[in-house]
Amino acid sequence: MSVTNVISEIKKDFIYNLLLKGERIDGRTFDQYREISIQRDVIRKAEGSALVKLGSSQVLVGVKMQPGEPFQDTPNKGVIITNAELVPLASPSFEPGPPNEMGIELARLVDRGVRESKAVDLEALCIIPGKQVWIIFIDVHILDDCGNILDAASLGAIAALMSTKVPAARFGLGEDYILPIRDIPIATTAIEFNDVLMFDPGVDEEAIANTRLTIISTMNGNICGSQKSGTGMLKPEQVYRIIDIACEKAKEIREKFLEA
Amino acid sequence: MDETDISFFKDGLRLDGRKADQLRPVKIEVGVLARADGSCYIEMGGNKVIAAVYGPREVHPRHLQEATRAIVRYRYNMASFSVEDRKRPGPDRRSQELSKVSREALEPVILTSFFPRSVIDVFVEVLQADAGTRTAGINAAAVALADAGIPMKSMISSCAAGKVADTIILDPMKEEDNFGQADLPIAMTPNGDITLLQMDGGLTPDEFQRAVEMAMKGARDIYELQRDALVKKYSQMVEQPGREEVHVCD
């Protein structure tokens, strides 16, 4: 993610030479993820929340809900609004101010996973057709960018949604209930460098590669979203290879951390 | 709003009479703007898009400049009247994301190291939208870059594939995009190096591969049209020297 991160030539060479030997700086295999931990309900004031650690990267996602007006073209559907804050405490290259295009892309990819997988039944969030529906705010707070914050943020979003309780009582709309979740989309990102594909890139690996592909897959093994990013190119065969591994990795992550 | 509410095929043909793997009619014109260094107007089906290239030129604000190469800026902008419900003018999150990925679709082929401390500005205005504006914009921008004489390693051509009624289709139009099951735009070089790949909706890994292959075939066809348009303009210049060499704004 951190395209603006600068690393020294000597480190770059070091990573590159390791890569030629088939190794990564932290000793992982090319398709190996760093250690993942997900803590849910860390923010009591939020309707749902999750703190995701992906190696040293840390992302906190909070979900808030409130009744509001539906969009005119979808009068019977709830609304999802996803936002990402790349706050300056998370990286020396983040700056205060309105979201830059990196933040916008991140938020839109997290949103794409939740929306396109149809993880949330939006029709069930209708209160009065055309007048009042539930609005879900998914707010992604990057706390520590040590690489691949996109996968961490996506994981945080679905984990937070899975722990979300609809605050109906607070708005006089009956009893609180658990937000029903129908799918668990998982985003998996790989970078390409010298025809080597590396999953879950760390911050230094991101700095040497200029091509990145994210695949978001659903519980039935289908793909609900993807995005190539960066100023490099990919061969179709590389794309297909990434898809194969990405779907497998997503399944592992889903089973281990979210379906328990 | 469901995909089942609308029938996408009649007698094996699509709503506008196309076959599943057929592009909409494409029209490309090179050098349509007098002030720009390079420009291109493109129609892809109901899309009408115009692209202009300025540069290499001095970078403002100056702190953005790079000591070793030119920076590339890409601004995708939709006219407020280009869509059914008036779009609020100015950049929104969608257009900022599209600007980013479109820039990254073109940057791999631009020889930016030839022009340190400068900027190549690409401005894309969507005048009329009918699904596939980002691909139309990239196609126009690539031609405009060539028209501006920016050194490039190759052309970039862009096309989308989609899925409606469980069928993979080429170049979805508005109805197919709105009510379809998936949309997958790509951009690539004529050699088949992919520089843009996005997808939303639902596809099996196998369908994904078929959609990529179909979109690549479409992009290859568009490449021929881009090349023809450029050749046409510059062969006219040879036949009528002097007419195109001096820009006259009247």
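Select helix α4 of chain B, residues 205–239. Its buried residues are B:Glu207, B:Phe208, B:Ala211, B:Val212, B:Met214, B:Ala215, B:Gly218, B:Ala219, B:Ile222, B:Tyr223, B:Gln226 and B:Ala229. Buried means that 20 or more other C-beta atoms, placed from the backbone, lie within 10 Å of the residue's own; exposed means 12 or fewer, and partly exposed is in between. An α-helix has 3.6 residues a turn, so residues three or four places apart point the same way.

A note before moving on. This is a predicted model, in which local features need pLDDT of at least 70 and side-chain atom pairs count only at pLDDT 80 or more, while totals for chains, interfaces and linings use all residues. Residues are numbered from 1 along each chain as its sequence is written, and chains are lettered from A and ligands numbered from 1 in the order in which they are written. Helices (H or I, at least four residues) and strands (E, at least two) are DSSP runs, numbered from the N terminus.

Now check the ends of α4(B). The helix has 35 residues, and its first and last C-alpha atoms are 51 Å apart. That is close to the expected 51 Å, taken as 1.5 Å times one less than the number of residues.

Next, select B:Ile186. Beyond its neighbours within four places in sequence, B:Ile186 contacts B:Val212, B:Ala215 and B:Ala219, among others. B:Ser158, B:Cys159, B:Ile194, B:Leu196, B:Leu197 and B:Met216 are also in contact with B:Ile186. Contact means C-beta atoms, placed from the backbone, within 7 Å.

Now colour the contact between the chains. Chain A brings 27 residues and chain B brings 26. On the chain A side, α2 (101–116), β12 (223–229) and α5 (236–258) each give two or more residues. The largest share, seven residues, comes from β12(A). This side divides into 11 nonpolar, nine polar and seven charged residues. Here Ala, Val, Leu, Ile, Met, Phe, Trp, Tyr, Cys and Pro count as nonpolar, Asp, Glu, Lys and Arg as charged, and the others, Gly among them, as polar.

Stay on β12(A). It pairs with β11(B), residues 194–203, in the antiparallel sense over four bridges. Strands pair if DSSP finds at least two bridges between them. Find A:Ser226; opposite stands B:Met199.

Which strand next? Select β4 of chain A, residues 79–85. A:Ile80, A:Thr82 and A:Ala84 form its covered face. A:Val79, A:Ile81, A:Asn83 and A:Glu85 form the uncovered one. In a regular strand the side chains alternate between the two faces of the sheet. β4(A) runs parallel to β6(A), residues 132–144, joined by seven bridges. A:Asn83 stands opposite A:Asp139 in β6(A).

Finally, zoom out. Chain A has five helices and 12 strands. Its C-alpha trace spans about 60 × 40 × 35 Å along the principal axes. Of its 260 residues, 49% are buried. Chain B has four helices and 11 strands. Its C-alpha atoms fill a box of roughly 55 × 45 × 40 Å along the principal axes. Of its 250 residues, 47% are buried.

How values were computed
Two residues are in contact if their C-beta atoms, placed from the backbone, lie within 7 Å.
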